[in-house]
Amino acid sequence: MVALPGVDPSWSARIDVPSTSGADAPGTTHRWHYLDNGPDLTGPAKGTLLCVHGNPTWSYLWRSYLAAGRDAGWRVIAVDQLDMGYSDRTGVFRRLAHRITDLEDFVAAVGVSGPVVTVGHDWGGVVSLGFADRNRDSLAGVILTNTAIHQDGDRPIPAPLRLALAPGVHRLGTRTSTAFLDVTLGLARPALDRDVRRAFRAPYRSVADRRGIANFVSDIPADPSHPSYPALTATAEGIRSIDAPVLMMWGPHDPIFSDTYLEDLAGRLPHADVHRFEHAGHLVQEDADTASTAMEWLAARSVGAGTVGGAAPTSAPAADTGRSTVPFTPLGRRLADLADGPEGATTAVAEMTPAGPPRMLSWRQLDDDVAAVAAGLTALGYGPGTRVSLLVPPGVDLTVLIYACLRVGAVIVVADAGLGARGLSRAVKGSAPDVVIGVERALLAARAFRWPGRRISVGSLAPAKRRALDVEASLGDLRAAHPTTDVPVPDADADAAILFTSGSTGPAKGVVYTHRQLSAMRDAVERTLGLGPGTALVAGFAPFALLGPALGATSVTPAMDVTAPRTLTAGALAAAAAAVGATVVFASPAALRNVLATSSDLDADGRRALGRITLLLSAGAPIPLPLLEAVQALVPAAALHTPYGMTESLLVADIDLDGIRAAAASDAEGVGNGVCVGLPVHGARAVVSPLDGAGAATGAPATTPGVTGEILVDAPHVKDRYFRLWRTQQGAARTGPWHRTGDVGHFDAEGRLWVEGRLGHVITSAAGVLTPVGLEQALEALDGVRLAAVVGVGPAGTQAVVAVLETGTTRRPHLADAPLAAAARTAARGRGVDLAAVVAVPALPVDVRHNAKIDRARIAAWSGRFLSGGRAGSL
């Protein structure tokens, strides 16, 4: 065997194994090749990882596991299945049942003892599961990557496999030529290094070498008549009773083993931990760091420590936060109480329209509508645990659907349409909904992008269109159901919602809340902000529209493009406020900027409507004090609050305008290093994990004034977990009971929290560690600067500090003119920072949800290209 990149030559081994599979003549022995890091271990192994490749790879696929296992104290054995890799070509067609027994023969010959964790990929996943199912006494865990164990009879096998099986293509594509091998290796994201590609191809040089590839494809059980279908079915049903820990790592960009197969496996192994590597594909081991994730999981689940043949242990418990004992009142309880009370005829929810009167429902009408839709969902078989993707703009219909789903125990899935087609598609597919309820445009996307789940339309569709979009019912059909008088109380600790993040720091993440945590979120908002019955709220931010009925507050959605907050005009805001006599407004900083920009269009009635506002809330991004001062003039009777939170915990801290002024006045520099977000709200706690010299948050949690670190929070309303992002959740929860937010900041002497930016945006220059927000705010105070981004360019530890300024007058990116550059450098030196460059651009990239969070990582990468004189591309 030739030298292989990433493989220690000492790992390569061979062994003669007697065959008992029945595929061979009695007394037949085959020579197996395998990779084994056992000789590298310096002490007793914690157990053995038995890694089984699929088709058309070989044991080389698992090289990173051998290296990681050696460092973690695990023996890793990666086999070459017979007829594959460097193992013997047997001259016999080996079916699935044979291969499972072959693996058992190999393990017996090698003499593996102690706990065994099976690890499989592709059809090696099926073989490894067959082994796991039949060898429970030694089984300590199961790890699966992009595989399948069941083929739905109503669905064809994936198109690439149908093509590979087609007469006239099969032999030519899989054996005579290297086409099947080449196409599989071409699925890597990014493309494989040339030497790695050569290594994967090495055992398959001749037509005879590739006979196993052809036979593997032929052994795919495409339907129940296939000879291997019974073995596949027996394994698929048998694994349902596996109670050992299970980890599934998935690359969703796989044209063969899509999320459909992941969902099937998750249903058969419901206790499994799952991590989807969003950018990875079929060769997930090549595309993502699955090896270190596997080692982290083995340690977290204590696999190998008394788990053989027993129930799957849970992770080591975090410190008790008392979350499970928080009083629980269902989110919709107040809605029902108001419907039955004297307020029943008053407005509960309103939706402004571009033309014509607003659409309104009273509390009684809303409760009746929720009950009817809930009955309709139940009649279609949707209930506890059903995941329902709601692709409906904020307004009356979305409110009804949310509370109907919660009433029947379904899990609502909410993602911003503004994530864009690709971002929204990733979110919907990743949440694996059982049903998609959407407007026509969303259902068209569901068909185009092949989103999973059944379909329900919000509006009525013509029969032909209904058939084309595969719609089984409409919202009108649901409303026609006969509601029951029983209102079940959901399990407090069952999943209630998956809410997706804005995607401003990478692919949007699904954040899971239980019913108890949503209830606690409502209580925190009510106690902190005083929102409740009698309050009327203009909800320019979707979570507050969701919580309105739960709080007993009338909520109105203004006429605006919800995917672009900066489209909210002063006239639309005033009209919404006037429609329900609103006293409270929630709008993002970008929305407030446009409200101010269009305020000259307000008539007397509009100004009077805004004059009745007594509380204005704005959050989602840093809000400069001058912006708040200008807004105050527009709503003179309002207390201005800037609550701090995130999708993972809607409300963490809060401060009002007077508090911000006091914080600025008490700061020696008059501006503060970052944005002051005030004190933790009722029931919440916050600390920081100090940054080290490399900009990493490695310090012990503390509240020491003036120490910058990652912000950690704990509250009854913090999310339960990330959906199918096991490794991400482990990182966020590694300092139990705290949730690590990824934000950086500090406390001042009065205990107020200041936010200085994102951990991933910390700059490590030769002069030290720098956080961006404080300097950005100083730059935004300069004449002509609308928005500023401060980023680091170059290697960590010696990064150059670059300011990129959105001026509004620039048509194309260029180095800032001398006056602006001089003003920026002066402002930076006032904060002890030397700017390497000042760049003016027409616009800075911001997030979709708030139109305000700056994408500093993208700006930093662009700045590096721009300043080096290369082709920078668009920002």
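Is Q632 buried or exposed? Q632 is buried, with a relative accessible area of 19%; buried means under 20% relative accessible area, exposed over 50%, and partly exposed in between, using a 1.4 Å probe and protein chains only. The residue has its place in helix α25, residues 625-634. Helices (H or I, at least four residues) and strands (E, at least two) are DSSP runs, numbered from the N terminus. Leaving aside neighbours within four places in sequence, Q632 is in contact with A638, L640 and L657, where contact means heavy atoms within 4.5 Å.

The model is predicted: local features need pLDDT of at least 70 and side-chain atom pairs count only at pLDDT 80 or more, while totals for chains, interfaces and linings use all residues. Residues are numbered from 1 along each chain as its sequence is written, and side-chain values use heavy atoms, with hydrogens and water left out.

**The chain as a whole**

The chain contains 30 helices and 36 strands. Its C-alpha atoms fill a box of roughly 95 × 70 × 50 Å, taken along the principal axes. A compact globule of 875 residues would have a radius of gyration near 29 Å, and the chain agrees with this at 30 Å. The radius is taken over C-alpha atoms, and the globule rule is 2.2 Å times the number of residues to the power 0.38.

Of the 875 residues in the chain, 57% are buried. Among contacts between residues at least 6 apart in sequence, 70% join residues at least 24 apart. The accessible surface comes to about 33500 Å², and carbon and sulfur atoms account for 54% of that surface. These areas come from the Shrake-Rupley method with a 1.4 Å probe; for residues, only the protein chains shown count as cover.

The chain carries 78 positive and 83 negative charges, whose mean positions are 6 Å apart. Lys and Arg count as positive and Asp and Glu as negative, whereas His and the chain ends are not counted; each charge is placed at NZ of Lys, CZ of Arg, CG of Asp or CD of Glu.

**Cysteines**

A disulfide is a pair of cysteine sulfur atoms within 2.5 Å, and by this rule the count is zero. C51 is buried, with a relative accessible area of 0%. C405 is also buried, with a relative accessible area of 0%.

**Backbone features in loops**

Two cis peptide bonds and two positive phi angles are set out below.

| Residue or pair | Feature | Angle |
|---|---|---|
| R189 and P190 | cis peptide bond | omega about 0° |
| G736 and P737 | cis peptide bond | omega about 5° |
| N146 | positive phi | phi about 30° |
| R450 | positive phi | phi about 55° |

P190 lies in the loop between α6 (179-185) and α7 (194-201). P737 is found in the loop between α27 (726-732) and β29 (739-747).

N146 is not a glycine and is found in the loop between β6 (139-145) and α4 (159-165). N146 is buried, with a relative accessible area of 0%. R450, likewise not a glycine, lies in the loop between α17 (440-449) and β14 (454-457). R450 is exposed, with a relative accessible area of 73%.

**The surroundings of R89**

R89 lies in the loop between β4 (75-79) and α2 (96-110). R89 is partly exposed, with a relative accessible area of 29%. Not counting residues up to four places away in sequence, R89 touches D83, M84, P203, Y204, A208 and D209. The C-alpha atoms of R89 and R31 are separated by 9.1 Å, although the two residues are 58 apart along the chain.
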